[in-house]
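This report goes through one protein chain, section by section. Have the sequence and the structure open while reading.

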Amino acid sequence: MTDEFPITIYHNPDCGTSRNALAMIEAAGYAPTVVEYLKTGWTRPKLTALLTAMNARPRDVLREKGTPAAELGLLDPSVSDDQLLDAMLAHPILVNRPIVVTPKGVKLARPSEAVLDLLERRPTAFTKEDGEVVIPLS
């Protein structure tokens, strides 16, 4: 494994998509920095910087499934970006995952094979947890 191409993955180990993205990164020979954001939480500057790098707004990374988004009223389109950020800081599970940072960019890697666009080299083949075979294009 090598770290001349630094990679950070904001990861939830309970999420299959996040686990698959991490496994693809490792299968390509990288040793990423893994941030379990449900344990560490978010800071406003970090989350804002990631959103800016992705050219995204908080609503673009708002996770609805398995989160309190609906009960907090966050699905209403009138909820502001600042309100969404405040909720994401209070409830890190509201941020969809995985977010991957490499020298090639920052992306919400959904589906997990979207991470391949951020890598300098790719695994020659990869099988997801569910048995789906991913054969990366060169």
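Which residue just after H3 takes a positive phi? That residue is Asn-55, with a phi of about 55°. The model discussed here is predicted.

## The sheet

Four strands make up an open sheet, ordered S2-S1-S3-S4, and their pairing is mixed. Strand S2 (33-36) and S4 are the edge strands, each pairing on one side only. From one strand to the next, the twist averages 15°. In general, strands of a sheet pair through backbone hydrogen bonds, either parallel or antiparallel.

Strand S1 (residues 8-11) pairs with S3 in the antiparallel sense, over three bridges. Within this pair, Tyr-10 stands opposite Ile-99 of S3, and Thr-8 stands opposite Val-101 of S3. S3 and S4 also run antiparallel, joined by four bridges. Val-101 has Val-106 as its bridge partner in S4.

Two helices can be described by how they lie on the strands. H3 lies across S1, S3 and S4 and runs at about 100° to S4. As for the strand pair S1 and S3, which is antiparallel, helix H1 (residues 16-27) packs on the sheet and touches S1, S2 and S3. The direction of H1 makes about 160° with that of S1.

## Helix H3

At the N-terminal end, H3 is capped by Thr-43, which has a side-chain oxygen 3.1 Å from the backbone nitrogen of Lys-46. Which residues of H3 are buried? They are Leu-47, Leu-50, Leu-51 and Met-54. These residues lie on the same side of H3, because they cover an arc of only 95° around the axis. An α-helix has 3.6 residues a turn, so residues three or four places apart point the same way.

The cover over the buried residues of H3 includes S1, H4, S3 and S4. On the face of H3 turned away from its buried side are the exposed residues Pro-45 and Thr-52.

## Helix H4

H4 has Leu-84, Leu-85, Ala-87 and Met-88 as buried residues. They fall on the same side of H4, because the arc they cover around the axis is only 165°. H3 is included in what covers the buried residues of H4.

## Nonpolar cores

The largest nonpolar core has 23 residues, and the members that touch the most others are Trp-42, Met-54, Leu-74, Val-95 and Ile-99. At least two residues of this core come from each of helix H3 (44-54), helix H4 (81-90) and strand S4 (105-108). Another core lies apart from it, with 17 residues, including Phe-5, Leu-22, Leu-116 and Leu-119.

What does Trp-42 touch, leaving out residues up to four places away in sequence? Its contacts are Tyr-10, Tyr-37, Leu-47, Leu-50, Met-88, Leu-89, Pro-92, Val-95 and Ile-99. Of these, Leu-47 and Leu-50 are among the buried residues of H3, Met-88 is one of the buried residues of H4, and Tyr-10 and Ile-99 stand opposite each other in the pairing of S1 with S3.

## Asn-96, a buried polar residue

Asn-96 sits in the loop between H4 and strand S3 (99-102). Is Asn-96 buried or exposed? Its relative accessibility is 12%, and a residue is buried under 20%, so Asn-96 counts as buried.

The side chain of Asn-96 makes a polar contact of 3.1 Å with the side chain of Arg-63. Leaving out residues up to four places away in sequence, Asn-96 touches Tyr-37, Val-61, Arg-63, Leu-108 and Arg-110. Tyr-37 is also among the residues that Trp-42 touches.

## Thr-40, an exposed residue

Thr-40 belongs to helix H2 (residues 37-40). With a relative accessible area of 57%, Thr-40 is exposed, because the cut-off for exposed is over 50%. Between Thr-40 and Leu-75 there are 25 Å in space, C-alpha to C-alpha, and the two are 35 residues apart in sequence.

How values were computed:
Residues are numbered from 1 along each chain as its sequence is written. This is a predicted model: local features need pLDDT of at least 70, side-chain atom pairs count only at pLDDT 80 or more; totals for chains, interfaces and linings use all residues. Side-chain values use heavy atoms; hydrogens and water are left out. A nonpolar core is a set of buried Ala, Val, Leu, Ile, Met, Phe, Trp, Tyr and Cys residues joined through side-chain atoms within 4.5 Å. Buried means under 20% relative accessible area, exposed over 50%, partly exposed in between (1.4 Å probe, protein chains only). Contact means heavy atoms within 4.5 Å. A polar contact is a pair of N or O atoms within 3.5 Å; within protein, one must be able to donate a hydrogen and the other to accept it, and residues adjacent in sequence count only if both atoms are side-chain atoms. Two strands pair if DSSP finds at least two bridges between them. Axes are lines fitted to C-alpha atoms, for helices over the stretch in contact, and angles run from 0 to 180 degrees between N-to-C directions. The arc is that of the directions from the helix axis to the C-beta atoms.
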